[in-house]
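Dear colleague,

Please find the structure below, handed over for your records.

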Amino acid sequence: MKTGAAPWFFVGPALVLIGVFFFGPVLAALVMSLTDFDLYALADLGNMRFVGFANYWQLLQTPLFWQALGNTVYFVVLGVPLSIAASLCAALLVNSKLARFKSFHRTAMFAPVVTTLVAVALIWRYLLHTRYGMINYALVSLGFSPVDWLGDPHWSMPAIVIFSVWKNFGYNMIIFIAALQSVPEDLYEAARIDGASVWQQFRYITLSMLGPTVLMVSILTMAGYFQLFAEPYVMTQGGPVQSTVSVLYFMYEEGFKWWNLGTASAVAFILFVLMFAITLVQLQVARRWGQA
């Protein structure tokens with residue numbers, strides 16, 4: 001075997017699998033988004049027609065799509081900073097020299113990530129119940145009025161954000177712990193000798209050294225939060241008054257409830273373009289921040 005062909009021999013099977021199970025479906029979805037593929041086309045491909053960008057144009061004129069997009073952006077804008085802040089705070093606490101039973105705390109905080117979402121969502125439905133939920137019980141004990149978390153359109157999205165942050169912050173916490181353990185202890189010792197306060201050590205050493213990790217975590221978290229689906233599907237079914245319909249939930253209903261698979265594919269590509277554009281903005285901001 002020639003030396004130049006050896007790498008292709010080893011990576012070839014993986015590339016074939018990626019092409020078949022990733023690029024193939026993506027290309028098929030792109031073609032489908034340019035057609036009126038529906039239930040009739042599913043029975044007979046002869047019923048499928050090429051419609052160009054009509055699906056995209058129709059989506060831009062659909063009020064529910066804009067509402068779903070607004071709900072998703074609201075979820076990302078509120079949830080991503082909260083999730084990163086909660087993850088970083090938890091990582092700092094667990095990684096602290098003063099912390100005891102570190103393994104137990106790491107396991108306890110990471111447990112929600114690997115717990116079945118449907119099971120914990122059902123538990124949270126009881127916690128958020130208007131009359132019997134423990135959260136409202138605590139609010140009433142503190143002198144506040146009970147909140148109809150999942151029945152009031154103004155509180156339904158914050159409730160899902162709280163639940164999602166609790167469910168997912170452990171994953172980023174593990175990444176932050178690994179990054180914190182790579183920060184040289186010499187830097188902190190030098191800073192303490194120079195009289196730097198705890199806040200100054202955090203601001204100029206910890207945050208500076210965690211910069212690339214924060215960027216990676218923000219991109220991963222943003223991408224994950226843009227794909228909000230299971231939480232509103234299990235907890236609210238998109239209600240009340242469609243206040244928790246996300247883009248992915250809208251795509252699911254178009255594709256598998258109304259069988260407008262062409263329109264659903266168009267939704268997927270609009271979401272991809274949006275996420276790609278925001279990721280480029282994040283990278284550009286991070287590059288300028290690093291040069292400042």
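**Aromatic contacts**

Arg203 lies over the face of Tyr204, 5.1 Å from the ring centre; a charge sits over a ring if NZ of Lys or CZ of Arg is within 6 Å of the ring centre and within 35 degrees of the ring normal.

This is a predicted model, in which local features need pLDDT of at least 70 and side-chain atom pairs count only at pLDDT 80 or more, while totals for chains, interfaces and linings use all residues. Residues are numbered from 1 along each chain as its sequence is written, and side-chain values use heavy atoms, with hydrogens and water left out.

A search of the whole structure finds 20 aromatic pairs. Rings of Phe, Tyr and Trp (its six-membered ring) pair if their centres lie within 6.5 Å; planes under 30 degrees apart count as stacked, over 60 as edge-to-face and the rest as tilted.

Tyr233 and Tyr252 form an edge-to-face pair, at 5.5 Å centre to centre and 80° between the planes. This pair links distant parts of the chain, 19 residues apart: Tyr233 belongs to helix 12 (residues 230-235) and Tyr252 to helix 13 (residues 247-257). Helices here are DSSP runs (H or I, at least four residues), numbered from the N terminus.

Tyr252 also pairs with Tyr249; this pair is tilted, with 6.4 Å centre to centre and 50° between the planes. Tyr249 and Tyr252 are separated by about one helical turn because they are 3 residues apart in helix 13.

Ring pairs join Phe229, Tyr233, Tyr249, Tyr252, Phe256 and Trp259 into a cluster.

Notes: Helix = DSSP H or I, 4+ residues; strand = E, 2+ residues; numbered from the N terminus.
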